[in-house]
Amino acid sequence: MNSTTTKAAPTLLQIAWPIFIEQALRILIGVVDTFMVAHVSDGAVAALGVANQFVVLSLICFNFIGIGASVVITHHVGAGDAKGAEKIVTTAIAVNTWIGLVISLVAFTCATPLLRLMQLPDELMVHARPFLTLMGGTLFMESMNVSLGASLRAHGHTRDAMVVTTLQNVINIAGSCVLLFGLFGAPKMGVTGVALASVFSRVVASLILWVLLDRRLKLMLRARDFVDIRLDRIKRILHIGLPAAGEHMSYWVSLMVITSFVARLGAESLAMMTYTRQAQLLVILFSIALGLGTELLIGRLVGAGDFAGAYREVMRSVRIGFAISTAAIVIVAACGKPLLSQFSHDPVVITGGAVLLLMSIPYEPGRVLNIVIINALRATGDARFPISIAMVSQWCFSVPLCWLFGLKLGWGLPGVWVAMMIEEWARGLMMLWRWRKRSWLPYAQRSRDAVAKGGQLPMVSET
């Protein structure tokens, strides 16, 4: 395995715009799947939304390695240590592959119990079971893709991930059309056809990413690399990745609980929530791209020891995120009914979803604080504070308030939206306070020292 070549540090714009397009295309995969399945029935859409919760939760498990590895790699790249970065890449791919194999086995063999655990109505099981079996049973390929993509992005090759995701979308859309509508003599397979198309596109993306790893980083893993895994490297990855995964998992598990509350309101409310969240995701991608771009840039600045520059970059990213996300959600909310009518013909679902989009105008700016600053804190090595705040705010405020407003007081989905908005803003303001107070500086120094000392993390007292 050869060392990679250290390149000049890219700007935030150079990092962020390919990530923006990539994330938009990744979201488009879910939007296209929802749009396609909407031609079957609203019940099929509701089933897809519930089954996809497990897939998203699994991706969070994979991302704790991808996120941790990406940050540690940027520290090495910022310090000019190409060989150290290469070792982290190898470890991340190997560990995530094993995690993916275990989760795939669980999804393939336990699809029905998992769906019942999420309180999916029996009449929707016919749609959700084959989807989860196929999509979940092949998640090991997605686990490899996460580490491969994270490694390329951390080295500045954000355009490669964008191109791969573009091709994956094209294959997914074409395959879904053929298998859902029975084009060119193919059987009409409904939700199962959509799942098969997604799986095939995932396989193609994985093969291309392996080729790019060899061409861009001059790195090809051998069989022994998947079993010869160094504990010290895993510790450094997990120091960042586990708290990040915990924060994401707490969010999605709480969302699954909230979704179970919505399911008790009926299939119509469940479909309304699914459609509205798809529209919200089109706005969130602006913050996601800015947050990931900021994370990669802050990681390099920390590796180079430029802590003052890191502080300024994050505050600049927050200002940009506020402006862009506010403008985007206003546009989406203004087009709410026409947008939602592309997914459903039920006037109740369309009208209710449009109301939720209007309520999202004050919601999305609060999300910017969380996405951008949490990514920045993680890049400095201050990864435990976000998970601590997330656990308290989501489980002591968001979930109980969703139950209180949505079910107990009978406010329905608008009550759920109000509860989630309160939690998002409260947590975001805590993140902003942490960054402005500069409590992350000792963690940033420790991260830089770890690169200089061959990967050994000095102790930092938690504050």
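**View 1. Glu423 in helix 16.** Glu423 sits in helix 16, which covers residues 412-437; helices here are DSSP runs of H or I with at least four residues, strands are runs of E with at least two, and both are numbered from the N terminus. The model is predicted, so local features need pLDDT of at least 70 and side-chain atom pairs count only at pLDDT 80 or more, while totals for chains, interfaces and linings use all residues. Residues are numbered from 1 along each chain as its sequence is written, and side-chain values use heavy atoms, with hydrogens and water left out.

**View 2. Surroundings of Glu423.** Glu423 has a relative accessible area of 4% and is therefore buried (under 20%; exposed is over 50%, partly exposed in between; 1.4 Å probe, protein chains only). Beyond its neighbours within four places in sequence, Glu423 is in contact with Ser393, Gln394 and Ser398 (heavy atoms within 4.5 Å). With Ser393, a side-chain to side-chain polar contact is made at 2.7 Å (a pair of N or O atoms within 3.5 Å, one able to donate a hydrogen and the other to accept it; residues adjacent in sequence count only if both atoms are side-chain atoms).

**View 3. The protein around the site.** The protein has 17 helices and zero strands. Of its 463 residues, 60% are buried. Among contacts with a separation of 6 or more, 83% join residues 24 or more positions apart. The C-alpha trace spans about 60 × 50 × 35 Å along its principal axes.
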